[in-house]
Amino acid sequence: MTTTPPGAGLGAMIRTWRDRLPPSAAGLPVVRKRRAVGLRREELADLAGVSVDYVVRLEQGRATTPSESVVASLARALQLSTAERDHLYRLARIVPPADGTICDHLPPGVQRVLVRLGDVPVAVFAADWQLVWWNHGWAALLGDPLASPPRMRNFARDRFPVGADHAPLALWPVTEADRDTTDAAVVSDLRRATGRFPRDSRLAALVRDLNAGNERFAELWATGEVTANREVHKTVDHPSVGPVTVDCDVLTDGDTELKIVIMTAAPGSEDETKLQLTTVVGPPAGTRN
């Protein structure tokens, strides 16, 4: 016998939140003669990176214990507020993220801004440089991050590989004008994060792994330097359109330390034309993407 009121369980709440989110708010095209006002199950599944069958089983109550990573992905895809996200965690019998731990959640307002950027390549990283969100433009320029295991979708692990455990975030070569400056900024970000999120086990494990397994990281960590991220110039050797030089800007959300990374090219330049082409032509046939 259950004591959960009708419409208040995990599946019912996921369905309620799905029904209230219009496709346009999630950056999806609006199709005429659409019967569903909110997201379809397949759209939610695609946004959250899970199977449609799993969404169905969750909503029907046949799956009741999703993993923490799935709950976090669903909360982002459904654009839940922090209070709603915490409620979703509790319905899944998972303790919500606490103060002193890194937050992977994207506030609805941030998501709305990101959607309005269209196909401009954008990705969002957590305070420990774990990739938590990206758009079509990002995948078109650098390759789809889904090609990498979730644990390896971390920019710090990408910059400072440990042994053979390395799956690059970018699927084709990327060069920088000043790699040393970026390396120092990434290490500095992690050092600042350890002060901001002292109880985060994922961050502690990351710093421990990189310190023990990457000499360059250990050298920079030992300096104790704290710097700020600045604009970086990168050249992406795209397999379909050739080299594309972009400006990489990092914006930080003050409350959560989320890092919004935006790639743009000089207006009116050949690079801008190539950047726009990447979203149209995509990678060549047979390329992992």
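**Entry 1: a ring in the core**

I started with phenylalanine 217, which is buried, with a relative accessible area of 0%. A reminder to myself: this is a predicted model, and I am reading computed values throughout.

Next I searched the whole structure for aromatic pairs, and the search came back with 6. I noted that a pair of rings is described by the distance of the centres and the angle of the planes. Phenylalanine 160 and phenylalanine 217 make one of these pairs, with ring centres 5.4 Å apart and planes at 75°. That angle is over 60 degrees, the cut-off for edge-to-face, so I wrote the pair down as edge-to-face.

Where do phenylalanine 160 and phenylalanine 217 sit in the chain? I found phenylalanine 160 in the loop between helix 8 (155-159) and strand 3 (174-176), and phenylalanine 217 in helix 11 (residues 215-223). The two are 57 residues apart, so I have a link between distant parts of the chain here. I also checked burial: both phenylalanine 160 and phenylalanine 217 are buried.

Phenylalanine 217 has another partner. With tryptophan 221 it forms a stacked pair, 5.7 Å centre to centre and 20° between the planes.

Is tryptophan 221 buried or partly exposed? I got 22% relative accessibility, so tryptophan 221 counts as partly exposed. Tryptophan 221 also has a charged neighbour: arginine 191 lies over the face of its ring, 4.7 Å from the ring centre.

I then looked for rings joined up through pairs. Phe125, Trp129, Trp138 and Phe155 are linked into a cluster that way.

Tryptophan 129, though not a glycine, has a positive phi of about 65°. I placed tryptophan 129 in the loop between strand 1 (122-125) and strand 2 (131-134). With a relative accessible area of 3%, tryptophan 129 is buried.

Glutamine 79 went on the list as well, with a positive phi near 55°. Its spot is the loop between helix 4 (68-77) and helix 5. Glutamine 79 is buried at 8% relative accessible area.

**Entry 2: salt bridges**

Background for this entry: side chains of opposite charge can pair when their charged atoms come close. How many salt bridges turn up in a search of the whole structure? I got 21.

I looked at arginine 85 and aspartate 86, whose closest N and O atoms are 2.7 Å apart in a salt bridge. Arginine 85 is buried at 6%, and aspartate 86 counts as buried at 15%.

Arginine 202 and aspartate 104 also meet in a salt bridge, at 2.9 Å from N to O. Arginine 202 lies in helix 10 (residues 201-213) and aspartate 104 in the loop between helix 5 (82-91) and helix 6 (108-116), so the pair ties together parts 98 residues apart in sequence. I checked each side: arginine 202 is partly exposed at 32%, while aspartate 104 is buried at 19%.

Then came glutamate 176 and arginine 159, with 2.4 Å between the closest N and O atoms of their salt bridge. Glutamate 176 is in strand 3 and arginine 159 in helix 8, 17 residues apart. Both glutamate 176 and arginine 159 are buried.

I looked up the UniProt record, an unreviewed entry, which places the feature "domain: HTH cro/C1-type" at residues 30-85. What is the helix and strand content over residues 30-85? I noted 54% helix and 0% strand, with the end C-alpha atoms 26 Å apart.

I also picked threonine 16, which sits in helix 1 (residues 10-20). Threonine 16 is partly exposed, with a relative accessible area of 41%. From its C-alpha atom to that of arginine 57, 41 residues along the chain, I read a separation of 15 Å.

**Entry 3: a nonpolar patch**

My last stop was the surface. Leu277, Val280 and Val281 form a nonpolar patch there, with about 270 Å² of accessible area together. Valine 281 belongs to helix 12 (residues 270-281), and at 44% relative accessibility valine 281 counts as partly exposed.

Methods: Residues are numbered from 1 along each chain as its sequence is written. This is a predicted model: local features need pLDDT of at least 70, side-chain atom pairs count only at pLDDT 80 or more; totals for chains, interfaces and linings use all residues. Side-chain values use heavy atoms; hydrogens and water are left out. Rings of Phe, Tyr and Trp (its six-membered ring) pair if their centres lie within 6.5 Å; planes under 30 degrees apart count as stacked, over 60 as edge-to-face and the rest as tilted. Helices (H or I, at least four residues) and strands (E, at least two) are DSSP runs, numbered from the N terminus. Buried means under 20% relative accessible area, exposed over 50%, partly exposed in between (1.4 Å probe, protein chains only). A charge sits over a ring if NZ of Lys or CZ of Arg is within 6 Å of the ring centre and within 35 degrees of the ring normal. UniProt positions are given in the numbering used here, feature names are shortened, and annotations may be inferred rather than shown by experiment. Patches are made of residues with over 30% relative accessible area and no salt bridge: like charges are joined within 9 Å, nonpolar side chains (Val, Leu, Ile, Met, Phe, Trp, Tyr) within 5 Å. Accessible areas come from the Shrake-Rupley method with a 1.4 Å probe; for residues, only the protein chains shown count as cover. A salt bridge is a side-chain nitrogen of Lys or Arg within 4 Å of a carboxyl oxygen of Asp or Glu.
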